[in-house]
Amino acid sequence: MKHTLAVLVENHPGVLQRVSGLFARRGYNIISLVVSETEDSSISRMTIVVDGDERIIEQVTKQLNKLIDVIKVQDVTNEDTVDRQLLLVRVNADNPAKAEIAQLMDIFRARIVDIGRKSVIVEATGDEEKIEAIIRSLQPFGIQEIVKTGICSMVRGPK
Amino acid sequence: MKMNGAQILVKALEDQGVDVIFGYPGGAVLEIFDALRESSIDFVLVRHEQGGAHAASGYARASGKAGVCLATSGPGATNLVTGIATAYMDSVPLVAITGQVPKAMVGTDAFQEVDITGITSPITKYNYLVQDVKNLPKIVAEAFYIAQSGRPGPVLIDIPRDVSMAVAEYVPYKKVDIRSYKPTLKGHPTMIKNALKLLTQAEKPVICTGGGVISSGAHEEVKKLANLTGAKVVSTMMGLGAFPGNHPDFLGMLGTYGNEAANLAVQNCDCFLALGMRFDDRVVGDPEKFAPRAKIVHIDIDPAEIGKNIAVDIPIVGDIKNVLRDMIAQLKDITPKTNNDDYPHPNVRIEEGLNAPWVLRTLKRIGASKKLIITTDVGQHQLWAAHHLSFNEPRTLISSGGLGTMGYGIPAAIGAQLAHPEKTVVVITGDGSFQMGMPELGTIAELNLPIKIIIFNNGTLGMVRQLQHHYCNKRYTGVFFKKTVDFMHLAKAYGAEGYRIESADEVPKVFKEALENNKFTIIECPIAQEDLVLPIVLAGDGLEKMVFNP
Ligand SMILES: Cc1ncc(C[n+]2csc(CCOP(=O)(O)OP(=O)(O)O)c2C)c(N)n1
């Protein structure tokens, strides 16, 4: 099962290598990893999506916690979170298709951000499900290239 | 006062109470050596950097304080790697210092440049590449704190040459506080209550001491707890000495090379209290078959060890000494229990002759009145030493348990002897391992250390030969030395006393002389090539399935 871990780390050089090295060395399966500075510039936040059963996730969490640079590890899988991914896709598109794609993307609240002679680039953000739906809807046109970021996750504030 | 980075480093090391550094020079550490010249710290010039790391590790394990080793960049640094990994696996507090090419050249494949922080990242508890001389005091203080606190381990500090040369003010760094590193020292009260309930209700409790008991200094507490609960005590190799080896309730080392009494007790127990151990494969055999009737309580300072290899019923994270004190405090009103379970005596009878078990028993008898520290190498001799010597106090056995590093025993003995000049340090080794640790004979001779080295010469890499016996249907490859070393000439070359034992009746006399002579001594004892370490639990079996006649 996929788990999303929110990991706060010291913003030092070499920390990413320590974390990724740990996953490689212990044979844990990273699905995606996003790193960025937080509101406190001395701290970075990693959102790591990792695949494994409860035992493996427990080990991953403990091993992460054991790294000196790791400040906090939180498994947010079962939390109420907002999850977002950024998607860029270049799709084959002659002129009639361009209009059709623009309409289609409206439904997803995605948009065309670049128009080439025979292609367009679509930009979208959303959770994994939405991103997959967008990709599926674009497949009939012929996808040239896909770039995706990993998942960023934030726990919702109390309502 | 202004000084250069090297002087700041040395000053910071002095402030940490370092009294000896084991190392080897080179271009990237010129300034550091220059600074050491004026320091109160003794410098020991080893013959190979690996020996330096092992010596520092032996010093740490004998003294309980962090050991320090020093090497130049590139090959000097890579030569430390085996020593650092050995210390990592056995949770030994070690601070390794390496020189690095100047910052401006880092990443250019400069002469003798190697990415030692990258290389050692999986085998250190933490490491530093120093970027600014101003950070040195903080880094040194943190390095010692990290190495010695929580679950101890090695820390490496890589210092570019220009940082060693840069001039700054030395501002001592007093109070280490690392927000992301706060080891848990107190055990959880509810977990402790639950553990006590299990332990006091058990009919056949077993306590197992791991290396963590020794790091934590909890040996007295273990004795008390065993007495109160009537538990039998077994030990991992790393834990030997944590409970007196000559105590009637001690059953010996458990594991795939464990002895009969210990393994049977574990497989029959109804409560297994694991103290500071890792449940590694040599200890548990097949994890599915380990202690099948037992509820398992695991106390360890490293939460990541709990539940890693074996599922446990009651996990307690904390410093063992703290946790055991809390447990004992709650037991003060119970009457000590006795446990009359009868297990095969751990000291099975052994026939007199030139076989390692008998020779080691003789050493045990003759050395009984002395304060001995035993270091070992890795192989059959190591297991025989674990079984047939008696480790009655902590820090009296220094052996590479986790990594199983041949070549450890001799340099580790140097560190142990320097930590304890008043004790008699004896190395138990094989003819294979001896030749890996051999460079450091020069260091022993130079320092005039009265270390005794006992070589069990079977003309083979006996442990591997034994594995080929069990697992390759007795097809032996690459395990025999076709040319033997004349160890007596070698002893002479290093100015050591040499004894070659020819028959069993000489053994007591040779040991008596050697233990009294106060000189560097090499004793060679021939043993049969075919001797096996027995019993053994073969791969895939539970610990009760010991083979005595493979
Ligand atoms: C550095 C290293 N290389 C290889 C091994 C694998 N190994 C384990 S025991 C052993 C043989 C040891 O032979 P010896 O020191 O003569 O001791 P004996 O087993 O004969 O007592 C070997 C090669 C090891 N443990 N360490």
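Buried, in what follows, means under 20% relative accessible area, exposed means over 50%, and partly exposed is anything in between (1.4 Å probe, protein chains only). We're working on a predicted model, so local features need pLDDT of at least 70 and side-chain atom pairs count only at pLDDT 80 or more, while totals for chains, interfaces and linings use all residues. Residues are numbered from 1 along each chain as its sequence is written, chains are lettered from A in the order in which they are written, and side-chain values use heavy atoms, with hydrogens and water left out.

**Exercise 1. Cysteines**

Work out how many disulfides the whole structure holds, and check B:Cys271.

Solution. Step one: take the cut-off, a pair of cysteine sulfur atoms within 2.5 Å. Step two: search all chains, and you get zero disulfides. Step three: look at B:Cys271, whose closest cysteine sulfur belongs to B:Cys269 at 7.1 Å, too far for a bond. B:Cys271 is also buried, at a relative accessible area of 0%.

**Exercise 2. Strand β10 of chain B**

Find which strands pair with β10(B), and decide whether its faces are covered or open.

Solution. Step one: strands are DSSP runs (E, at least two residues; helices are H or I, at least four), numbered from the N terminus, and two of them pair if DSSP finds at least two bridges between them. Step two: β9 (residues 205–209) runs parallel to β10(B) over four bridges, with B:Cys208 bridged to B:Val234. Step four: check the faces of β10(B), residues 232–235. B:Lys232 and B:Val234 on one side, plus B:Val233 and B:Ser235 on the other, are all buried, so both faces are covered.

**Exercise 3. Aromatic rings**

Count the aromatic pairs, then classify B:Tyr145 with B:Tyr181 and B:Phe272 with B:Phe279.

Solution. Step one: rings of Phe, Tyr and Trp (its six-membered ring) pair if their centres lie within 6.5 Å; planes under 30 degrees apart are stacked, over 60 edge-to-face, the rest tilted. Step two: that rule gives 11 pairs over all chains. Step three: B:Tyr145 and B:Tyr181 have centres 5.7 Å apart and planes at 80°, so they're edge-to-face. B:Tyr145 sits in helix α6 and B:Tyr181 in the loop between β8 and α8, so the pair ties together parts 36 residues apart in sequence. B:Tyr145 is partly exposed at 32%, whereas B:Tyr181 is buried at 10%. Step four: B:Phe272 and B:Phe279, at 6.1 Å and 50°, are tilted.
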